[in-house]
Amino acid sequence: MKFIGLFLLLAGLVSLALGLTGANLVVINWLNQFGETASWAIRIGVTLLGGIIYYLRRHDD
């Protein structure tokens, strides 16, 4: 579970960074179909969800 949280956190951070620079990968280009506000909400939500999961399970090995 810790790995999933870390993966979501890192994927969200990369998505946010790419969104701020204007670069889009084909993998995350589908987010733009929902509109600008919704795509940013999804990116922030994934980042927060990953951070919460990782924080709650940080001691699991």
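1. Which helices each supply at least two residues of the lining of the largest pocket? They are α1 (2-21) and α2 (36-56). Helices here are DSSP runs of H or I with at least four residues, strands are runs of E with at least two, and both are numbered from the N terminus.

2. Some remarks on the basis of this note. The model is predicted, so local features need pLDDT of at least 70 and side-chain atom pairs count only at pLDDT 80 or more, while totals for chains, interfaces and linings use all residues. Residues are numbered from 1 along each chain as its sequence is written, and side-chain values use heavy atoms, with hydrogens and water left out.

3. On the overall fold, the chain has two helices and zero strands. Its C-alpha atoms fill a box of roughly 35 × 15 × 15 Å along the principal axes. Of the 61 residues, 20% count as buried. Buried means under 20% relative accessible area, exposed means over 50%, and partly exposed lies in between, with a 1.4 Å probe and protein chains only.

4. The largest pocket holds about 180 Å³ of space. A pocket is an open set of points on a 1 Å grid over the protein atoms alone, where a 1.4 Å probe fits and protein lies on both sides within 12 Å along at least five of seven lines; lining residues have an atom within 4 Å of a point. Grid points are joined across faces, edges and corners, and the volume is the space filled by probe spheres set on the points.

5. The lining of this pocket consists of Ala11, Gly12, Val14, Ser15, Leu25, Val27, Ile28, Trp30, Leu31, Ile42, Arg43 and Val46. Helix α1 gives the most, with four residues. By class, the lining has nine nonpolar, two polar and one charged residues. Ala, Val, Leu, Ile, Met, Phe, Trp, Tyr, Cys and Pro count as nonpolar, Asp, Glu, Lys and Arg as charged, and the others, Gly among them, as polar.

6. Trp30 counts as partly exposed, at 42% relative accessibility. Val46, placed in helix α2, is partly exposed with a relative accessible area of 28%. From Val46 to Val26 the C-alpha separation is 18 Å, across 20 residues of sequence.

7. The structure holds one aromatic pair. The ring centres of Trp30 and Phe34 are 5.8 Å apart and the planes stand at 85°, so the pair is edge-to-face. Rings of Phe, Tyr and Trp (its six-membered ring) pair if their centres lie within 6.5 Å; planes under 30 degrees apart count as stacked, over 60 as edge-to-face and the rest as tilted.

8. Two arginines have a charged end over a ring. Arg43 sits over the ring of Trp40, 5.2 Å from its centre, and Arg58 sits over the ring of Tyr55, 4.1 Å from its centre. The criterion is NZ of Lys or CZ of Arg within 6 Å of the ring centre and within 35 degrees of the ring normal.

9. Lys2 lies in helix α1 and is partly exposed, with a relative accessible area of 26%. A polar atom of the Lys2 side chain lies 3.4 Å from the backbone oxygen of Arg58.

10. Leu56, in helix α2, is exposed at 63% relative accessible area. Leu56 and Lys2 are 54 residues apart in sequence and 8.3 Å apart in space, C-alpha to C-alpha. Met1 lies in the segment before α1 and counts as exposed, at 57% relative accessibility.

Notes. A polar contact is a pair of N or O atoms within 3.5 Å; within protein, one must be able to donate a hydrogen and the other to accept it, and residues adjacent in sequence count only if both atoms are side-chain atoms.
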